[in-house]
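Please examine the model before reading each solution.

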Amino acid sequence: MTYQKLKGTADILPGESEKWQYIESSARDILKQYQFKEIRTPLFEQFDLFARGVGETSDIVSKEMYDFYDKGDRRVALRPEGTAGVVRSYVENKLFAPEYHRPMKLYYIGPMFRYERPQSGRQRQFHQLGVEVFGSKNASVDVETMLLALDLFKHFQLTDLKLVINSLGSNESRQLYRKELIEFLEPHFEELSKDSKDRLYKNPLRVLDSKDKKDKEIVKGAPSILDYLDEDSKEHFESVKRMLTAMTIPFEIDTNMVRGLDYYNDTIFEIITTNPKFGANATICAGGRYDSLVEEVGGPSTPAFGFGFGLERLILMLEHMGFDYPVSSLLDAYVVTIGEAVNEEAAKLTHELRQNGLSVEREFMSRKPAKQFKTADKLNARLVFTIGETELKERKVRVKDLTSGLENEVDLEELYTRFSEVYPTLLKSLEKEGE
RNA sequence: GCGAUUGUGGCGAAGUGGUUAACGCACCGGGUUGUGGUCUCGGCAUACGUGGGUUCGAUCCCCAUCAGUCGCCCCA
């Protein structure tokens with residue numbers, strides 16, 4: 001084998017691609033219900049956009065970015081997530097202008113890239129669906145968007161899901177909390193894991209969701225970020241909780257939940273599967289509020305809320321629960337050819353049938369009729385049109401209904417010129433008595 | 001970045017330090033010259049990831065490398 005796909009990439013082949021189409025179109029339907037509009041942004045951007053937007057200290061930027069220099073010596077990066085590019089586009093195209101309806105609700109579906117070791121539910125090129133809402137600080141935006149996420153998963157009949165929320169407060173209150181947290185952790189410095197030691201001063205909140213057993217023990221006694229929220233953040237979070245409760249949406253609060261990306265404030269959330277098969281990949285959807293990113297990227301101060309989830313993981317989940325994808329194997333007709341002489345007429349017949357809206361496949365390999373019927377059967381064809389030298393001479397074609405087993409013949413010219421009259425009659429003649 | 005495990009024809013899967021490397025599926029052809037899930041007979045194929053080494057000889061032993069899978073870190 002001369003060439004092979006790069007590590008962490010995948011070919012989505014027929015059989016698999018139908019699943020993707022189904023998921024994407026279902027998701028688009030729901031997004032439409034919620035009045036989200038699609039936005040398509042480039043797969044690569046200036047490196048700095050991601051570095052700044054996602055956060056320099058995040059793992060994504062520090063070690064997982066797929067970046068390179070182009071021929072113009074520009075440092076570019078394949079997008080590791082969707083938000084930064086959408087925010088850039090929002091700002092660059094001035095979508096904050098007064099003529100646009102506010103808030104602006106956008107979604108995207110597409111490939112993302114992260115340079116890391118592939119494993120179950122994780123690839124270097126993977127796909128995410130994400131949404132961003134710009135221009136409203138209203139807590140009901142938080143709630144609506146979380147409900148949308150839940151709704152998307154509900155649509156695929158996913159169970160074992162859990163909505164977990166937390167609040168990071170305002171940037172100011174978080175600074176305060178950060179200081180307190182460092183003070184709390186410092187006495188335990190030597191007991192902390194290596195990763196946590198590194199993070200203590202760079203991004204101490206990350207220590208909170210450390211997977212290390214000892215860290216977890218230490219963190220148990222840490223102050224809760226919720227105690228440091230200022231009045232606005234407190235009320236915002238209360239409002240979110242009230243609405244969720246009023247709508248009887250079950251949720252949990254995890255005060256130790258933080259974000260790998262640095263731009264969040266106030267409400268953050270995750271949707272987690274409790275299915276043990278997922279292990280470290282339990283989080284299937286994550287998002288939250290990011291009120292300062294737009295400004296950070298050069299736009300006017302604009303509150304925003306969004307989330308993203310990985311389609312590979314969604315498909316994996318559906319696989320685990322044995323989801324039945326609706327089969328769309330509709331083949332109206334298979335054209336059987338007998339003898340080389342009919343090749344051209346078969347081409348015409350196939351074309352005419354397709355012009356009249358039928359989904360048609362034909363025989364190209366000139367196999368014997370029995371094999372062709374077998375194929376028609378396998379492809380789940382409704383009808384088989386048989387054309388051989390006899391039919392060609394008589395300008396007719398035999399038509400068999402594979403369900404009823406009945407066969408009839410029809411004049412070729414009539415079929416070509418008066419299809420809408422001939423075809424229904426033909427179908428009727430092939431129906432079994434009493435059905 | 002770290003660890004474990006695997007790599008045989010299109011797919012699945014046996015196997016051995018030594019003449020022609022099983023089998024199943026799929027595919028193709030035949031079973032009175034033109035009709036469909038079954039049965040039967042036959043055929044098919046650039047198969048032992050790649051590069052070294054050990055050996056008289058390696059698909060099977062050793063090393064490296066690439067790739068897959070899984071786990072850790074982190075994340076979707």
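Predicted model: local features only at pLDDT ≥ 70, side-chain atom pairs only at ≥ 80, totals over all residues.

Residues are numbered from 1 along each chain as its sequence is written, chains are lettered from A and ligands numbered from 1 in the order in which they are written, and side-chain values use heavy atoms, with hydrogens and water left out.

**Exercise 1. Describe the overall build of chain A.**

Step 1. Chain A contains 17 helices and 16 strands, taken as DSSP runs (H or I of at least four residues for helices, E of at least two for strands) numbered from the N terminus.

Step 2. The radius of gyration of chain A is 29 Å, whereas a compact globule of 435 residues would have one near 22 Å. This radius is taken over C-alpha atoms, and the globule rule is 2.2 Å times the number of residues to the power 0.38. Along the principal axes, the C-alpha trace spans about 95 × 55 × 45 Å.

Step 3. An automatic or database assignment sets the domain bounds: domain 1 covers 17–157 + 255–320, and domain 2 covers 331–429. Their centres, taken over C-alpha atoms, are separated by 49 Å.

**Exercise 2. Compare the surroundings of Glu363 and Arg367, which form a salt bridge.**

Step 1. A salt bridge requires a side-chain nitrogen of Lys or Arg within 4 Å of a carboxyl oxygen of Asp or Glu. The closest N and O atoms of Glu363 and Arg367 are 2.8 Å apart.

Step 2. Residues are classed by relative accessible area: buried under 20%, exposed over 50%, partly exposed in between (1.4 Å probe, protein chains only). Glu363 is buried at 1%, while Arg367 is partly exposed at 32%.

Step 3. For chain A as a whole, 48% of the 435 residues count as buried.

**Exercise 3. Characterise the second largest pocket.**

Step 1. On a 1 Å grid over the protein atoms alone, a pocket is an open set of points with protein on both sides within 12 Å along at least five of seven lines, and lining residues have an atom within 4 Å of a point. Grid points are joined across faces, edges and corners, and a volume is the space filled by probe spheres set on the points. The second largest pocket holds about 540 Å³.

Step 2. Its lining comprises 25 residues, with Arg174, Asn203, Asp262, Tyr263 and Tyr264 nearest the centre.

Step 3. At least two lining residues come from each of α2 (47–54), α6 (171–185), α8 (205–208) and α11 (293–296). The largest share, four residues, belongs to α6.

Definitions and conventions
1 Å grid on protein atoms, 1.4 Å probe; cavity = no way out; pocket = protein on both sides within 12 Å on 5 of 7 lines; lining within 4 Å.
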